Protein chains: 2
Amino acid sequence: MAESPDIDILARSELFRGVPVEVLRELHAASFRRKFPAGETVFQQEDAVTTFYIVVVGRLRVTQTTLDGQQIIIRYLGPGDVVGYAALTGGAAHPGAVTAVDDSHLIGMPAAILRETMSRHSRIAMNAVTLMGERYQDLQLRLRELATEKVERRIAHTLLRLSQQAGRRTARGVEIAFPLSRQDLAEMTGTTLHTVSRTLSGWEVKGFVDSGRRRVIIAKPEALAEVAEEV
Amino acid sequence: MAESPDIDILARSELFRGVPVEVLRELHAASFRRKFPAGETVFQQEDAVTTFYIVVVGRLRVTQTTLDGQQIIIRYLGPGDVVGYAALTGGAAHPGAVTAVDDSHLIGMPAAILRETMSRHSRIAMNAVTLMGERYQDLQLRLRELATEKVERRIAHTLLRLSQQAGRRTARGVEIAFPLSRQDLAEMTGTTLHTVSRTLSGWEVKGFVDSGRRRVIIAKPEALAEVAEEV
DNA sequence: CACGGTCTTTGCGCCAACGCAATTAACCAG
DNA sequence: CTGGTTAATTGCGTTGGCGCAAAGACCGTG
């Protein structure tokens, strides 16, 4: 109880849920804190996997870039999330880049120590399997959306999903609580910033959303849900 | 060595690699064999997770279907692959359906026993994490392709990938060793069977491929690779 | 070997979304 | 307050790929 606050944070993360305190203490002893101001990069695509992080506060973006510079956003990470899942799977290089989009605090530790601890305490490994399963399902869903839905619906789905994981109630509706540009939305939905801009403008007129520079407020979630689900 | 052949098969699968023989024997005791003729379904989407399988021989297709009947193919499974990863992650329902596309033999066992054994032997859990990580990366790649590439390149990439995992050298080129219709390719690449048909016809003329009813032979893999990579 | 079902091919018209370009708006630093 | 930078909007022409439809090829079966 009167434990270091970092141990509490670890204990509440999905990866370390249900893990005995003494094991957490052990991990904590090897860990450190690190701040990443908005815009700073945690690691680049193809970087060697040396360190593993858990988000304490803030928001980060995972991207993947092609040889010819095209970029897509794989997902956003928030408090409690694992940063650099390759450290879990034993991968040698990071398959994507991670950048802070808001000032963030992370708890870090050497990847080797995590792997070693995980192999001695199957509860961590079991949690890791569950966690990877959830992320896998997320991607399945997005793949299906991308393959079968038109742009407008994809944007609606994406906004609703973001509002689930980072929504903040305000007087004008649910606000996505981190900077989110048209370009970002385009990279999440497989379209261009132009099309996103046009779509949001359309919704703005209808009063569904209230958006500005790197900011989106969903005024009528129900209306957006209807766009997302209509046949 | 003079072990049951099924134990050998388990030992060679990615999930059970490096697991002590006595553990495999234990699992084997709870397992059974089952045949699925081509076309038969192993489980449906949303089915409760009760049984877990490893492919011995054959080929199966994992699909996901939307409410309005749109379908996409998530992946194909072959010898050594895990069928029903939800049994690993502890999921309650299968997120996709699995159907045999060729006559297949599977080794099955109760999901609960697998989970229990996995939690006692972290090597299995570690393997499961690695395995899920690989599948996750596959999806990341496909998501990126779908989001950034034109149809022709996506089809080329898909065929090349299929030839990696199920290619068979023949006099006329590398043949995809299981029935694969235009519709199937469309569901893998997020397009329509019409567009796939037109694309293959085009390649046929150029001599890149040699395709027929539910059959594709890649005559010039290098040419296809060029289509896939050209800027 | 003829029949019905399942795939595949191909023509044609159409439109959602892209790509380009130019303008306007918002933010920041000094 | 000003100048510079980054983000957003919007108009316009183009087009890749969809959707529909009809015909042809292939296959298993009785």
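Predicted model: local features only at pLDDT ≥ 70, side-chain atom pairs only at ≥ 80, totals over all residues.
Q: Which element gives the most to the surface near DNA strand C, and what makes a residue count as near?
A: Residues are numbered from 1 along each chain as its sequence is written, and chains are lettered from A and ligands numbered from 1 in the order in which they are written. A residue is near a strand if one of its heavy atoms lies within 4 Å of it, and α8(B) gives the most to the surface near DNA strand C, with five residues. Helices are DSSP runs of H or I with at least four residues, strands are runs of E with at least two, and both are numbered from the N terminus.

Q: How many residues surround DNA strand C, and which are the closest?
A: There are 18 residues around DNA strand C, and the closest are A:Thr191, A:Thr195, B:Ser197, B:Arg213 and B:Arg214. Of the atoms of DNA strand C that come within 4 Å of the protein, 63% belong to sugar and phosphate.

Q: What makes the approach of A:Thr195 to DNA strand C a polar contact?
A: A polar contact is a pair of N or O atoms within 3.5 Å; within protein, one must be able to donate a hydrogen and the other to accept it, and residues adjacent in sequence count only if both atoms are side-chain atoms. A polar side-chain atom of A:Thr195 lies 2.3 Å from a phosphate oxygen of DNA strand C, so this pair falls within the 3.5 Å limit. From chain B, a polar side-chain atom of B:Ser201 lies 3.1 Å from a phosphate oxygen of DNA strand C. The elements that give two or more residues to this surface are α8 (193–206) of chain A and α8 (193–206) of chain B.

Q: What classes of residue make up the surface near DNA strand D?
A: This surface divides into one nonpolar, 10 polar and seven charged residues, where Ala, Val, Leu, Ile, Met, Phe, Trp, Tyr, Cys and Pro count as nonpolar, Asp, Glu, Lys and Arg as charged, and the others, Gly among them, as polar.

Q: How many salt bridges does the rule find across the interface of chain A and chain B?
A: The rule asks for a side-chain nitrogen of Lys or Arg within 4 Å of a carboxyl oxygen of Asp or Glu, and across this interface it finds zero salt bridges. Between chain A and chain B there are, however, 10 residue pairs in polar contact.

Q: Why are the two copies said to be related as by a two-fold rotation axis?
A: Superposed by least squares on the C-alpha atoms of residues with pLDDT of at least 70 in both, chain A can be laid on chain B with an RMSD of 0.0 Å by a turn of 180° and a shift of 0.0 Å along the axis. The two copies are therefore related as by a two-fold rotation axis.

Key
Heavy atoms only, no water.
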